[in-house]
Amino acid sequence: MNATATELLISAMLLIGGFFSLVGSIGLARLSDFLRRLHGPTKATTLGVGGILIAAMLYHGLIEGSWGFRELLITLFLFLTAPVSAHMLAKAALAQAAPTRRPAPIPPCPPTRASSTPTTTTQAPPPDSAGSR
């Protein structure tokens with residue numbers, strides 16, 4: 001692999017990792033309650049840091065010539081511990097009944113326009129077939 005393609009691949013992984021980290025951070029800041037805020041960092045930010053660590057592994061392996069065992073261990077540790085810690089935090093929040101923001105109620109429909117001539121008719125109820133025996 002030539003140097004330009006390697007640098008492009010590493011740059012793409014850094015950009016992807018940075019994008020996911022940014023999305024996860026925005027989700028942490030903008031979402032409403034605890035459980036929704038927990039979703040942003042555990043999903044998107046984990047992918048973002050994973051992409052950055054993969055870029056570091058590619059850099060050490062393809063440019064410096066020594067594969068980074070450290071980055072591989074950090075990536076594995078991150079992908080194993082982030083879901084477990086998120087699960088434990090969510091269970092603790094549910095056990096404490098953390099307040100959640102309920103969606104706003106749907107307003108009632110506006111009244112319909114009545115036509116100028118009434119269309120209602122009265123009809124007699126159908127005969128009871130069980131009582132005619």
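This is a predicted model: local features need pLDDT of at least 70, side-chain atom pairs count only at pLDDT 80 or more; totals for chains, interfaces and linings use all residues.
Two residues are in contact when heavy atoms of theirs lie within 4.5 Å.

**Whole chain.** Begin with the complete protein in cartoon view. The protein has 3 helices and 0 strands, and its elements run α-α-α from the N terminus on. Of its 133 residues, 22% count as buried. The accessible surface comes to about 10,700 Å², and carbon and sulfur atoms hold 68% of that area. Among contacts with a separation of 6 or more, 64% join residues 24 or more positions apart.

**Helix α1.** Select residues 3-30, which make up helix α1. This helix has 28 residues and reaches 40 Å from its first C-alpha to its last, close to the 40 Å expected at 1.5 Å a residue. Next, show side chains for Thr6, Ile10, Met13, Gly17, Ser21, Gly24 and Gly27, the buried residues of α1. Their cover includes α2. The spacing of such positions can be read against a general rule: an α-helix has 3.6 residues a turn, so residues three or four places apart point the same way.

**The aromatic pair.** Now select Phe19 and Phe20. The structure holds 1 aromatic pair. Phe19 and Phe20 form this pair in an edge-to-face arrangement, with 5.7 Å centre to centre and 65° between the planes. Phe20 has a relative accessible area of 29% and is therefore partly exposed, as that value lies between the 20% and 50% limits.

**The salt bridge.** Move to Asp33 and Arg36. Side chains of opposite charge can pair when their charged atoms come close. Arg36 forms a salt bridge with Asp33, and the closest N and O atoms are 4.0 Å apart. The count for the structure comes to 1 salt bridge. Which of the two partners is buried, and which is partly exposed? Asp33 is buried, with a relative accessible area of 8%, whereas Arg36 counts as partly exposed at 41% relative accessibility.

**Helix α2 and the nonpolar patch.** Select residues 34-63, helix α2. Then switch to a surface view and colour Leu9, Tyr59, Leu62, Ile63 and Trp67. These residues form a nonpolar patch on the surface, with about 480 Å² of accessible area together. Helix α2 gives the most to the patch, with 3 residues. Leu62 lies in helix α2. At 37% relative accessibility, Leu62 counts as partly exposed; a patch residue must have over 30% relative accessible area.

**Helix α3.** Select residues 69-95. The 27 residues of helix α3 should span 39 Å at 1.5 Å a residue, and the end C-alpha atoms are 39 Å apart, which agrees. Show the side chains of Glu71, Thr75, Leu78, Ala82, Ala86, Ala90 and Ala93, which are buried in α3. What covers these buried residues includes α2, and α2 is likewise part of the cover over the buried residues of α1.

**Thr75.** Centre the view on Thr75, which is placed in helix α3. Thr75 has a relative accessible area of 8%, and is buried because that value is under 20%. Which residues does Thr75 touch, leaving aside those up to four places away in sequence? Thr75 touches Leu53 and Met57.

**After α3.** Finish at Ala97. This residue follows α3, and its phi is positive, near 55°.

Note on methods. Residues are numbered from 1 along each chain as its sequence is written. Side-chain values use heavy atoms; hydrogens and water are left out. Patches are made of residues with over 30% relative accessible area and no salt bridge: like charges are joined within 9 Å, nonpolar side chains (Val, Leu, Ile, Met, Phe, Trp, Tyr) within 5 Å. Accessible areas come from the Shrake-Rupley method with a 1.4 Å probe; for residues, only the protein chains shown count as cover. A salt bridge is a side-chain nitrogen of Lys or Arg within 4 Å of a carboxyl oxygen of Asp or Glu. Helices (H or I, at least four residues) and strands (E, at least two) are DSSP runs, numbered from the N terminus. Buried means under 20% relative accessible area, exposed over 50%, partly exposed in between (1.4 Å probe, protein chains only). Rings of Phe, Tyr and Trp (its six-membered ring) pair if their centres lie within 6.5 Å; planes under 30 degrees apart count as stacked, over 60 as edge-to-face and the rest as tilted. The expected span of a helix is 1.5 Å times one less than its number of residues.
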